[in-house]
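Dear colleague,

Please find below the structure that I am handing over to you. My notes on what was found in it follow directly after.

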Amino acid sequence: MVMTLRFTLLLHVFLVLGIFSSFSLILSTNEFNLRIKPFSSPFAIDLAKLQTQIGYKFINIDLLRRALTHASFSQENNKALSIFGYHIIETSVPLRFLAKDIDISSKALNNLIAEVSSVNASCALDGNRLGLERIIRVSPKTDASNSAIICGGFRAIFGAIATDTGKVDEAIKVFWKVHGDRSGKLVSIYSE
């Protein structure tokens, strides 16, 4: 009986030692993994820079990835976010200008909305200022510098921000920061 008790005690000691040695091996492996820097693709680096430029850090970075993915590149693309962003921008213009001047004429308000929403005049210009033609993912046969593609990506950013926060307010705030203080007068995002 004493021998069985010693054998059981010895077995428990070896078992405990085995567990601790495995645990220390796991710890050393985790410490090693902590020292390895995660791989960052050029696209991921561009997304990080873009977030700094626009002054908004995404909670769900996949929304920004999608916002900067054209339909020619993937079925998971920016079409829906671009439509949402278009409507956010169109809504933000009357909100801003009616708050400043409730007596603004409907014609002047429509002209301001058209100017800010214009693919060739404003939208693509803002997108180019952000460097979207270098960031947006398109198929090899598609020209990323096409105004409509840049504008789609630009609008999709604001749809993505609103989706990320669950509110359009933050998207509107970022839009006006990027676009400028009023229609026709762009504020450089690099000066802030």
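**Overall description**

Of the 192 residues in the chain, 35% count as buried (under 20% relative accessible area; exposed is over 50% and partly exposed in between, with a 1.4 Å probe and protein chains only). This is a predicted model, in which local features need pLDDT of at least 70 and side-chain atom pairs count only at pLDDT 80 or more, while totals for chains, interfaces and linings use all residues. Residues are numbered from 1 along each chain as its sequence is written, and side-chain values use heavy atoms, with hydrogens and water left out.

The chain has 9 helices and 0 strands, where helices (H or I, at least four residues) and strands (E, at least two) are DSSP runs numbered from the N terminus. Among contacts (heavy atoms within 4.5 Å) with a separation of 6 or more, 63% join residues 24 or more positions apart.

The axes of α4 (79–100) and α8 (residues 147–165) are 6 Å apart, at an angle of about 85°. This angle therefore makes α4 roughly perpendicular to α8. Axes here are lines fitted to C-alpha atoms, for helices over the stretch in contact, and angles run from 0 to 180 degrees between N-to-C directions. Angles under 35 degrees count as roughly parallel, over 145 as roughly antiparallel, 65 to 115 as roughly perpendicular and the rest as oblique. The α4 side of this contact includes Leu 81, Phe 84 and Ile 88, and the α8 side includes Phe 154, Phe 158 and Ala 162. By class, the contact of α4 with α8 has 10 nonpolar, 5 polar and 1 charged residues. For these classes, Ala, Val, Leu, Ile, Met, Phe, Trp, Tyr, Cys and Pro count as nonpolar, Asp, Glu, Lys and Arg as charged, and the others, Gly among them, as polar.

Helices α6 (residues 119–129) and α9 (residues 168–179) have axes that come within 10 Å and cross at roughly 80°, so α6 and α9 are roughly perpendicular to each other. Ser 122, Asp 126 and Arg 129 of α6 meet Phe 175, Val 178 and His 179 of α9. The residues of this contact divide into 2 nonpolar, 2 polar and 2 charged.

Gly 55 lies in the loop between α2 (42–54) and α3, and is partly exposed, with a relative accessible area of 47%.

**The loop between α3 and α4**

Thr 69 and Asn 78 both belong to the loop between α3 and α4. Thr 69 counts as buried, at 0% relative accessibility, and a polar atom of its side chain lies 2.6 Å from the backbone oxygen of Arg 65. Asn 78 is likewise buried, at 6% relative accessibility, and a polar atom of its side chain lies 3.0 Å from the backbone oxygen of Ala 67.

Leaving aside neighbours within four places in sequence, Asn 78 is in contact with residues including Thr 69, Ile 136, Gly 152 and Ala 156. With residues up to four places away not counted, Thr 69 touches Asn 78, Ile 136 and Arg 137, among others.

With kind regards

Terms used
Polar contact = N/O pair within 3.5 Å; in protein donor to acceptor, adjacent residues only side chain to side chain.
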